[in-house]
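Hi,

Here is the structure I promised to pass along. Have a look at it first, and then read on for what I found.

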Amino acid sequence: MNSKQLLKKIIAAFSCLTMMFCSPACTSGDKPQNDTELLLGFSQIGSESAWRIGNTNDIEKQAQNYGISLMFENANQNRENQIAAIRRFIAYKVDVIAFSPIVEDGWDNVLTEAKDAGIPVILVDRDISTDRTDLTACLIGADFYNEGVMAGEYLIRKADALGLEEVNIVEITGTANSTPMRQRQAGFADAIASDGRMHILESIDGDFIKSRGAECMRTLLEEYGDRIDVVYSHNDEMTFGAINEIEAAGLVPGRDIIIISIDGGQEAIDILSQGKINCVVECTPMLGREVMETAIRLKNGEEVEPVIHPQERIFSDEQDLSNIGPRGY
Ligand code: GZL
């Protein structure tokens, strides 16, 4: 056994031990059959939201489920930390790299290094912008543009139901230059473009973070006050921050101001049921099974789909909300 093989076995053994002692008992039930020994390097953006934490938990659970050794690194919202993590994965000679790029640009160099090392790369959740089509094997993540369209189409229905003749919207966006921010903004704008009642007063960057969402809402209320009819927020965390500011201003969220959010975690669904949010577009973080299945195919030299979108729904005050099961994030 050469040093490379020995190192991989040591890491694999450590990863398995870590997973065994640091994670809940092995998942019973639908344990998939996997005979492929695999070391997966995963670089996660951070822990900025319930969505992100749910995504991390699912990646770790499914790695254990599939018997895949996982080297997991949390970049704490920093692209340079992700680039450094990917370089460590290359040095350890992992079999497959997977990562969720915090923003779309700046990956060509490190992904070229992964390609030169013969390590396939899976994009999880978010995409990259590059002229190179050979740097990644596939993207597993939501259709963010469609999430924006679903949000816009809901607002048109809501305006019709309320008989609104003019709809003034403020938008609190996710992290600038990230795939979900770009595509949720585009999908929503395209969905309402032909409706003359709709006016976006301002879009402001909340970075997918609750405290920033609150700051954005405070600024928007100071600037536009009761002209605001709708808040379109790119994720639940920022929505929670915005709701606190709306209530502090003496307004009733969900009634005085229509609230549209994206992610669909448990807390957002609970607040939707209370009537303080009017619409939540689902963005599932449960991508772990597809990531593990795809990593195994890549390790075995099989073809994989270039894009895998999970099925996603919309939850709103148009529906009977009593039968929504536990969200798991
Ligand atoms: C969407 C994901 C976004 C979530 C946010 O797939 O990238 O990042 O909507 C998270 O909650 O911060």
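How many Å from an oxygen atom of the ligand does a polar side-chain atom of R126 lie? In this predicted model, the distance is 2.8 Å. The protein covers 100% of the 320 Å² of accessible area that the ligand has on its own.

D125 places a polar side-chain atom 2.3 Å from an oxygen atom of the ligand, and for R52 an N or O atom of the side chain is 3.0 Å from a ligand oxygen.

Now for the surroundings. The shell around the ligand holds 13 residues, with E48, D125, R126, N235 and D263 the closest. By type, the shell has 6 charged, 5 nonpolar and 2 polar residues. Two helices, α2 (50-65) and α6 (179-192), each contribute at least two residues to this shell.

As for location, the ligand sits in the largest cavity. Domain 1 (3-141 + 285-311) and domain 2 (144-283) both give residues to the shell, so the ligand lies between them.

Best wishes

Technical notes: Residues numbered from 1 in each chain as written. Predicted model: local features only at pLDDT ≥ 70, side-chain atom pairs only at ≥ 80, totals over all residues. Heavy atoms only, no water. Near = heavy atom within 4 Å. Polar contact = N/O pair within 3.5 Å; in protein donor to acceptor, adjacent residues only side chain to side chain. Areas by Shrake-Rupley, 256 points an atom, 1.4 Å probe, with all protein chains shown as cover. 1 Å grid on protein atoms, 1.4 Å probe; cavity = no way out; pocket = protein on both sides within 12 Å on 5 of 7 lines; lining within 4 Å. Sits in = over half its atoms within 2 Å of the grid points. Helix = DSSP H or I, 4+ residues; strand = E, 2+ residues; numbered from the N terminus. Nonpolar A, V, L, I, M, F, W, Y, C, P; charged D, E, K, R; others polar. Domains from an automatic or database assignment.
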